[in-house]
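Before reading this note, please have the model open beside you and follow the residues as they are named. The points are meant for someone meeting the structure for the first time.

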Amino acid sequence: MVDAYKNLIDGEMVGTAATLDVINPANEQVIATVPACGKEELDRAVAAARRAFKTWRKTTPEERTKVVQAIAGVIKDNADELYRLLTTEQGKPHIQAQQEIMMTTAFASAQSTLTLDDVINQDDDVRLSRTRRVPVGVVGGIVPWNFPVAMAFQKIVPALISGCTIVLKPSPFTPLTTLRIGELIKDVVPAGTVNIITGEDSLGPLITSHPDINKITFTGSTATGKKIMEGASADLKRITLELGGNDASIVLPDADVEKVAEQLFWSSFSNAGQICVAAKRIYIHEDIYDDLSKAIADYSKNVAVGDGSQQGTGVGPIQNKKQFDRVCELIQDAKDNGYKFLVGGDVDPSGSGYYVPISILDNPPEDARIVAEEQFGPVMPLMKFSTIDEVIERANNSDYGLAGAVWTKDTEKGVEIAEQLETGTVWVNEFLNLSPFAPFGGHKQSGFGAEYGVEGLKEFTYSQVITVKRDALV
Ligand code: NAD
């Protein structure tokens, strides 16, 4: 049976005559339809958000915290239903879908406690000068398909906490779990504060250029990020862009081969490699290259690729056909150039579902497409390096600058290397660990601005300085 999902506009669940199909990437079956919104529905949602802003902006921090905690509670209470639905539309294994749902509720709860306190600039006999933060207004949120729920609430929560209202557009590939949460929180959030509307990619530019939207917060590809920046320039909308990455992991010769092998594997293959901060290039010191590459390859042989709803699946399908074709193209390019695969490399085109086998490449050259481009799939290039200076230069040789990792027993050395990497986040001896209290954002073409923490919250506000002249002659 194909379910018909509705959008959340002004506190009501509403449908449209035109709809889009949503597909399960594990078997390519249509599982649901969602509204295909255009300008008319967007205008209604923006008008509702604008009306709600008048009241919501005046709420106290305590009132906002209460609403966000209620949202977190609803997601937690319905986690079982939500993670199963997430696997069905996104493809990720159940355990990883559970993690995404739990991360969403934990981060919402944690962020609900953030505050933007006033700052006193001057307080003397002459003058009192104070900086306060005021909400920018109506926010347009646009999110991708790899972590659809976490990314949606990464935008909804700070918008609400800072006193803004939001119109959120999920990816057309993965709108279902977000819409189901919309239905569940319909009576928890004041009408119009949170609106969720679905549509094709073409709905995105309508949001970006909408005259009554004050800020765009976007997560997705660098190519789309550039279009958004261009579109938002017409009326100088505020923007936050979380974009692509080509993260390097650097493994020093003192690393424990067995322990690091498993961690490196999952740093690249969680969510079938479709993570902005996945390790996409792995540089291993030549002294341990043979042992570590063998350990990673051996580990991978015990990980099953398959339908994420089946027990035992470690790596699910690629989320959509376009991305599947791109990953296949990069694998084919590696084969055409004669690069050696330690594992995988043969995609079976028969059967249904967008499955790519776990594929690990043995020391391809630095200018190979699989090294130079963001693959966003289960294909991991391992490369040898000799000196620290050389590997830092190779790691930084990218237009991207999202994250990176260093693996070593010598943490001081690890930090010294981390400080030389041109990325917004660097992990030493761990990976993919994000904090609701630490700013997350990219350097170079990986982004603009930051999310999470007080720094992320500030992006939803303007600063306003109020000065009172104390010795005024009045
Ligand atoms: P995408 O850019 O194709 O789409 C993202 C969203 O933008 C979708 O909702 C889409 O409908 C919308 N969109 C498409 N064209 C638009 C336009 N012209 N104007 C406005 N909106 C438009 O990205 P994707 O393929 O969904 O996601 C994969 C990319 O996202 C990867 O590059 C990945 O690295 C990146 N990503 C980054 C982060 C991060 O936090 N930095 C997190 C997850 C994913």
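Predicted model: local features only at pLDDT ≥ 70, side-chain atom pairs only at ≥ 80, totals over all residues.

1. Residues are numbered from 1 along each chain as its sequence is written, and side-chain values use heavy atoms, with hydrogens and water left out.

2. The largest pocket has a volume of about 1,100 Å³. On a 1 Å grid over the protein atoms alone, a pocket is an open set of points with protein on both sides within 12 Å along at least five of seven lines, a cavity is a set where a 1.4 Å probe fits but cannot get out, and lining residues have an atom within 4 Å of a point. Volumes are the space filled by probe spheres set on the points, which are joined across faces, edges and corners.

3. Of the 36 residues that line the largest pocket, Trp145, Gly220, Ser221, Thr224 and Lys322 lie nearest its centre. Helix 8 (222-232) is among the elements that supply at least two residues of this lining, and helix 8 gives the most, with six residues; helices (H or I, at least four residues) and strands (E, at least two) are DSSP runs, numbered from the N terminus. The lining divides into 14 nonpolar, 15 polar and seven charged residues, where Ala, Val, Leu, Ile, Met, Phe, Trp, Tyr, Cys and Pro count as nonpolar, Asp, Glu, Lys and Arg as charged, and the others, Gly among them, as polar.

4. Helix 5 (residues 148-162) has 15 residues and reaches 22 Å from its first C-alpha to its last, close to the 21 Å expected at 1.5 Å a residue, a span taken as 1.5 Å times one less than the number of residues. Because 15 of its 15 residues are buried, helix 5 is largely enclosed by the rest of the structure; buried means under 20% relative accessible area, exposed over 50%, and partly exposed in between (1.4 Å probe, protein chains only). Just after helix 5, glycine 163 takes a positive phi of about 100°.

5. There are eight aromatic pairs, counted where ring centres of Phe, Tyr and Trp (its six-membered ring) lie within 6.5 Å, with planes under 30 degrees apart called stacked, over 60 edge-to-face and the rest tilted. One of them joins tryptophan 145 and phenylalanine 376 edge-to-face, at 5.5 Å centre to centre and 75° between the planes. Tryptophan 145 lies in the loop between strand 8 (138-142) and helix 5, and phenylalanine 376 in the loop between helix 12 (369-372) and strand 19 (379-385), so the pair ties together parts that are 231 residues apart in sequence. Tryptophan 145 is buried, with a relative accessible area of 13%, and phenylalanine 376 is buried, with 12%.

6. The charged end of lysine 92 sits over the ring of phenylalanine 147, 3.7 Å from its centre, a contact that requires NZ of Lys or CZ of Arg within 6 Å of the ring centre and within 35 degrees of the ring normal.
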